[in-house]
Amino acid sequence: MLRNSLIGSLRQIKPILCSQSLRSLSNGANSGLTTIEVDDKSGIATLSMNLPPVNTLTLNLMHDLIDSINQIECNKSRGLILTSSNDKVFSAGLDLKELYKPDQERLKEFWTIFQDLWLALHLCGIPTAAAINGHAPAAGCIMATACEYRVMLPDFVIGVHATRFSFLVSKWMMLSYQSVLPRRIVERALNQGKLFSTQEALEVGLIDEVAGSKKEALAQCAAFIGTFDKANPIARTLTKRMCRDSDVTELLRDRAGDLRACVDYINTPLFQEGLSAHLEGLKEKK
Ligand SMILES: CCCCCCCC/C=C\CC(=O)SCCNC(=O)CCNC(=O)[C@H](O)C(C)(C)COP(=O)(O)OP(=O)(O)OC[C@H]1O[C@@H](n2cnc3c(N)ncnc32)[C@H](O)[C@@H]1OP(=O)(O)O
């Protein structure tokens, strides 16, 4: 039984099956919403989100991110660092416009690709770290929690503040948060709609380190990735996936059920009214 599941897992280790060279990474096979830079010396790939003004997770950005994660994994990079080209925002989370009075078919595609993105990052075979060089609310935070290590710059916020505007989160989003923070902290933070300052995030363990600059954050992420040098890459990947198995099992067993629940909730007047007020609030800020 265990052997069968290990063999199944081995087959899923993408780097073994992929054949592209590292060189092709920097040529950017995608539409430019993400860029990949591979450090020749360390072999670590830095994946930057590059969708002004605030890296909202649009369908296109999510597609590009998934393609880029797959490319980096397939090219046997030593690790992946997720960061942003914007110096104030890591990611503003899901594109709220996609959730407001949505076209039903597009909404289904949108939520499915969000599931895909989280799975690609959470189960990525190589070591992952997030250099959080700006605000990381909502799905921006969930992407960071899907990575194995987080380094953040001062004076920004991170967290899932969904309840503030009558949003719920899916169970797998909660489990991603809970894979980093103790359950009681997650329960309180989700119910409060808490956004943690960098210092608070460090104190509760939502981030691992604070950095003085983006350059330092990238170096700290690279140092973390370097800590796996003595581990056999295949054994490491299998071990990582075993540790993360309980976070993904329910979603993988019933992705259609998660999609249905989310689509149903997004269509409720409670959600749509909360979202409308939130969008107004963002406009009024100006
Ligand atoms: C059963 C389960 C049900 C599940 C239901 C689904 C629930 C999903 C729950 C959570 C997932 C999410 O990720 S929802 C997204 C939540 N994100 C936010 O609320 C972030 C909102 N944005 C901000 O707080 C700020 O923009 C910022 C702190 C990230 C940056 O501030 P800054 O001052 O630098 O920039 P502006 O606020 O001026 O924004 C610039 C520009 O971008 C627009 N904007 C910002 N965020 C979003 C967004 N998430 N989606 C769409 N558009 C966004 C903002 O309105 C400005 O637009 P204009 O220039 O046109 O005014």
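Two strands pair if DSSP finds at least two bridges between them. By that rule, β4 and strand β6 (residues 150-152) pair in the parallel sense over 3 bridges. Helices (H or I, at least four residues) and strands (E, at least two) are DSSP runs, numbered from the N terminus. This is a predicted model: local features need pLDDT of at least 70, side-chain atom pairs count only at pLDDT 80 or more, and totals for chains, interfaces and linings use all residues. Residues are numbered from 1 along each chain as its sequence is written, and side-chain values use heavy atoms, with hydrogens and water left out.

**Confidence**

- pLDDT is the predictor's confidence in each residue, from 0 to 100.
- The chain has a mean pLDDT of 91, and 90% of its residues reach 70 or more.
- Residues 1-17 have pLDDT below 50; in the model this stretch makes 18 contacts (heavy atoms within 4.5 Å) beyond near neighbours in sequence.
- Residues 19-24 also fall below 50, with 9 contacts beyond near neighbours in sequence.
- Where pLDDT is low, the predicted coordinates should not be read in detail.
- For the complex, the predictor gives an ipTM of 0.98 and a pTM of 0.93.

**Overall make-up**

- The chain holds 13 helices and 9 strands.
- Of its 286 residues, 51% count as buried (under 20% relative accessible area; exposed is over 50%, partly exposed in between; 1.4 Å probe, protein chains only).
- Among contacts with a separation of 6 or more, 75% link residues 24 or more positions apart.

- Strand β4 (residues 128-132) is largely enclosed by the rest of the structure, because 5 of its 5 residues are buried.
- Thr 128, Ala 130 and Ile 132 point one way from β4, Ala 129 and Ala 131 point the other way, and all are buried.
- Strand β3 (residues 79-84) runs parallel to β4, joined by 3 bridges.
- Leu 82 has Ala 130 of β4 as its bridge partner.
- Toward β6, Ala 131 stands opposite Val 151.

**The three-stranded sheet**

- An open sheet of 3 strands has the order β5-β7-β8, with mixed pairing.
- Its edge strands are β5 (136-137) and β8 (195-197), each pairing on one side only.
- Strand β7 (residues 157-159) and β8 run antiparallel, joined by 3 bridges.
- Gly 159 has Leu 195 of β8 as its bridge partner.

**Largest pocket**

- The lining divides into 32 nonpolar (Ala, Val, Leu, Ile, Met, Phe, Trp, Tyr, Cys and Pro), 11 charged (Asp, Glu, Lys and Arg) and 7 polar residues (the others, Gly among them).

**Gly 205**

- Gly 205 is in the loop between α9 (198-204) and β9 (209-210).
- Gly 205 counts as partly exposed because its relative accessibility is 26%.
- Leaving aside neighbours within four places in sequence, Gly 205 contacts Val 180 and Leu 181.
- Gly 205 and Val 180 are 25 residues apart in sequence and 7.3 Å apart in space, C-alpha to C-alpha.
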